[in-house]
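Dear colleague,

Please find below the structure that I am handing over to you, together with its sequence.

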Amino acid sequence: MMIIAVIDGMGGGLGAQVVAQLTDHIGEKVGIIALGTNALATNNMVRAGAARGATGENAVRVSLRKADVVVGPIGIVIPNAMMGEITPQIAEIVASSDAAKILIPVNQNHFSIVGLEAKPLVNHIREAVQRVGEIVKEKEGKV
């Protein structure tokens with residue numbers, strides 16, 4: 001079974017939306033784990049349907065060794081993003097992981113993403129979930 005890791009911080013709202021949509025669309029085919037930078041984010045993602053959850057930098061380090069896909073806001077690969085919740089170590093762990101990365105564009109105070117079509121966050125989340133679905137289908141076809 002493929003492992004999909006959803007990473008989020010702060011309140012975990014974006015991650016919870018991703019988990020809920022993944023659970024609805026491909027949940028039975030994959031294991032979804034919630035990796036929060038704080039307990040509130042982890043708890044909200046687990047409530048949204050993640051099979052299990054863990055919190056903190058070491059949880060990210062250990063869990064990503066087994067993950068096939070990582071989904072989260074683009075800040076998960078940018079040191080000090082999300083008001084400092086993404087440590088330089090977390091950003092490096094995620095960026096260096098062999099897992100496929102599906103990054104959702106979310107502007108932060110200290111950086112902006114240009115060149116993307118301006119659309120509601122819910123649309124970006126839907127596209128991310130669709131991309132994960134495509135990856136799962138591709139992997140199933142190779143088995």
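This is a predicted model: local features need pLDDT of at least 70, side-chain atom pairs count only at pLDDT 80 or more; totals for chains, interfaces and linings use all residues.

Five strands form an open sheet in the order β3-β2-β1-β4-β5, and their pairing is parallel. Its edges are β3 (52-55) and β5 (100-104), each of which pairs on one side only. On average, neighbouring strands are turned by 20 degrees against each other, direction ignored. Strand β1 (residues 2-8) runs parallel to β2 (residues 30-36) and is joined to it by seven bridges. Within this pair, Ile-3 stands opposite Gly-31 of β2.

The helices. Helix α1 (residues 13-26) packs on the sheet, where it touches β1, β2, β4 (69-73) and β5. The direction of α1 makes about 155 degrees with that of β1. In helix α3 (residues 57-64), the buried residues are Ala-59, Val-60, Ser-63 and Leu-64. Seen down the axis of α3, these residues fall within an arc of 110 degrees, so they line one face of the helix. They pack against β1, β2, β3 and β4 of the sheet, and also against α4.

The nonpolar cores. The largest nonpolar core has 23 residues, of which Ile-4, Val-6, Val-18, Leu-22, Val-69, Val-71 and Val-132 touch the most other members. Two or more residues come from each of β1, α1, β2, β4, β5 and α5 (121-142). Helix α5 gives the most to this core, with six residues. Leaving aside neighbours within four places in sequence, Leu-22 is in contact with Ile-4, Val-6, Gly-27, Ile-32, Val-129 and Val-132. There is also a second, separate core of 19 residues, which includes Ala-5, Val-60, Val-70 and Phe-111.

A loop residue. Ala-81 lies in the loop between β4 and α4 (88-96). Is Ala-81 buried or exposed? Its relative accessible area is 0%; the cut-off for a buried residue is under 20%, and therefore Ala-81 is buried. Not counting residues up to four places away in sequence, Ala-81 touches Gly-75, Ile-86, Gln-108, His-110 and Phe-111. Phe-111 is also a member of the second core. The C-alpha atom of Ala-81 is separated by 27 Å from that of Gly-133, 52 residues apart along the chain.

Yours sincerely

Technical notes: Residues are numbered from 1 along each chain as its sequence is written. Side-chain values use heavy atoms; hydrogens and water are left out. Two strands pair if DSSP finds at least two bridges between them. Helices (H or I, at least four residues) and strands (E, at least two) are DSSP runs, numbered from the N terminus. Axes are lines fitted to C-alpha atoms, for helices over the stretch in contact, and angles run from 0 to 180 degrees between N-to-C directions. Contact means heavy atoms within 4.5 Å. Buried means under 20% relative accessible area, exposed over 50%, partly exposed in between (1.4 Å probe, protein chains only). The arc is that of the directions from the helix axis to the C-beta atoms. A nonpolar core is a set of buried Ala, Val, Leu, Ile, Met, Phe, Trp, Tyr and Cys residues joined through side-chain atoms within 4.5 Å.
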